[in-house]
Amino acid sequence: MLKIKDFFKQPIMYVLIVCIIIQMLMYSVWENYGEQNDSLSYLESYNKGSIFKGYVNQERTPVYPYFIKTIKKLGGEENLKKNIVLVQKILFLISIVLFYYALKTITKNKLILTLITLIFGIAPGLVAWNAMILTEAISVFETVLLVFFTLKYLQNSSKISAIFINIMIFIMILTRPAFIFLMPIYLLFWAIRFFTNKEEKKNIIVALISFVVVTIMLIGYCLLVKMNYGNFGLTSVSNVNNVTTAICSNGYKNSKNEKLKNRIQELAGENPEPAKVFDVWYIVETEYSNEELKEFAKESLYNNKEYREYLVNKIINLSEKNIGTLYNFVTQKYQKETFKIYDMKIMENIVLPINFGMIYLMLL
């Protein structure tokens, strides 16, 4: 067990100090907090009812809204958004420490440990999320926590750590439904451990039982969504994404629903901006049923030339972009500066010079 006095002798202390200084410089040129179209829905999604009384929101899973509600309960309404951002910044600092010790289970080389942890701690594409009212910030923390405990389990397996890993997956999915891909990955992980590590079998049985419990709970949540909104799933966001993609790609013109097609053309016009597309969605979702919109998206996206061309162009355009998504919310004071050190996109390319084209090649 690492003693507190020994912790202060570790390289991570110096890495953490450097990360804090650089992060403070970044935060000083950004707005106090940034918001996107999704932000308001997280702030308000569970004001109508409690998840503990069976209420579920159609658009948002409960973890981030309850994270916000907890901060609101402790710090009040007045500085809520600033307090959310403050807590997210603290969680990211904790994740840097966890990242370091997770990496330490793989390599003992202090130079590699220091360099990679430093890159993680100052990459603008990661740091920027801490100042946004979005799920990404706590998702980064949760991901690092899951990796940390998975590596610790591989070092020294136990029933408690196996259960904790599955609970962590459950929390992550109810933070961002996209994390559902973790379910088949960890099912395969537990299955491989079961057949290749005889001494672990009792722990793996516990892991599989807890995995089944998590699966049942997620199915139960999806059934609640279906009972309330007629859509079996964690949220209806996939429907939103499909309809907005149909509009962006002009694939919607292939739909047989002439009335809805004409309505979208009236609202969106030719080649609408992404922000306007979501405005269109907010209107049509009140005028048409989920089933109509789902069928409309299906007709618009599958087996049509416009959608295929849209995907190809999107992949090509994305290939030259850095993997660190960076929303530009630099304050007006620094937007006017000509001194480009304030351009975080340049810093992102220096700290983490990896674009999606490199990822495509790696996957190939």
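Residues are numbered from 1 along each chain as its sequence is written, and side-chain values use heavy atoms, with hydrogens and water left out. Because the model is predicted, local features need pLDDT of at least 70 and side-chain atom pairs count only at pLDDT 80 or more, while totals for chains, interfaces and linings use all residues.

Q: Where is the place of arginine 60?
A: Helices are DSSP runs of H or I with at least four residues, and strands are runs of E with at least two, numbered from the N terminus. On that numbering, α3 covers 39–44 and α4 covers 63–75. Arginine 60 is placed in the loop between α3 and α4.

Q: Is arginine 60 buried or exposed?
A: Buried means under 20% relative accessible area, exposed means over 50%, and partly exposed is in between, with a 1.4 Å probe and protein chains only. Arginine 60 has a relative accessible area of 11%, so the residue is buried.

Q: With which side chain does the side chain of arginine 60 make a polar contact?
A: A polar contact is a pair of N or O atoms within 3.5 Å; within protein, one must be able to donate a hydrogen and the other to accept it, and residues adjacent in sequence count only if both atoms are side-chain atoms. For the side chain of arginine 60, such a pair is found at 2.9 Å. The partner is the side chain of serine 41.

Q: Over the face of which residue does arginine 60 lie?
A: A charge sits over a ring if NZ of Lys or CZ of Arg is within 6 Å of the ring centre and within 35 degrees of the ring normal. Lysine 89 lies over the face of tyrosine 27, at 4.0 Å from the ring centre. Arginine 60 lies at 4.5 Å from the ring centre of tyrosine 42.

Q: Which residue has a side-chain polar atom 2.9 Å from the backbone nitrogen of arginine 60?
A: The residue is placed in the loop between α3 and α4 and is buried, with a relative accessible area of 11%. Its side chain also reaches the backbone oxygen of serine 45 at 3.0 Å. The residue with the polar atom 2.9 Å from the backbone nitrogen of arginine 60 is asparagine 57.

Q: Which residues does asparagine 57 touch, not counting residues up to four places away in sequence?
A: Contact means heavy atoms within 4.5 Å. With those sequence neighbours left out, asparagine 57 touches Ser45, Tyr46, Tyr221 and Tyr229.

Q: Which backbone oxygen lies 2.9 Å from a polar atom of the side chain of threonine 61?
A: Threonine 61 lies in the loop between α3 and α4 and is buried, with a relative accessible area of 2%. The side chain of threonine 61 reaches the backbone oxygen of threonine 175 at 3.4 Å. The backbone oxygen at 2.9 Å belongs to leucine 174.

Q: Why does the pair of tyrosine 46 and tyrosine 66 count as tilted?
A: Rings of Phe, Tyr and Trp (its six-membered ring) pair if their centres lie within 6.5 Å; planes under 30 degrees apart count as stacked, over 60 as edge-to-face and the rest as tilted. A search of the whole structure finds 17 aromatic pairs. In the pair of tyrosine 46 and tyrosine 66, the ring centres are 5.6 Å apart and the planes stand at 55°, so the pair is tilted.

Q: Which helices each supply at least two residues of the lining of the largest cavity?
A: On a 1 Å grid over the protein atoms alone, a cavity is a set of points where a 1.4 Å probe fits but cannot get out, and lining residues have an atom within 4 Å of a point. Among the lining residues are Gln58, Glu59, Ser236 and Trp281. The helices are α12 (237–248) and α14 (274–287).

Q: What volume does the largest cavity have?
A: Grid points are joined across faces, edges and corners, and a volume is the space filled by probe spheres set on the points. The search of the whole structure finds 1 cavity of 30 Å³ or more. The volume of the largest cavity is about 40 Å³.

Key: On a 1 Å grid over the protein atoms alone, a cavity is a set of points where a 1.4 Å probe fits but cannot get out, and a pocket is an open set with protein on both sides within 12 Å along at least five of seven lines; lining residues have an atom within 4 Å of a point.
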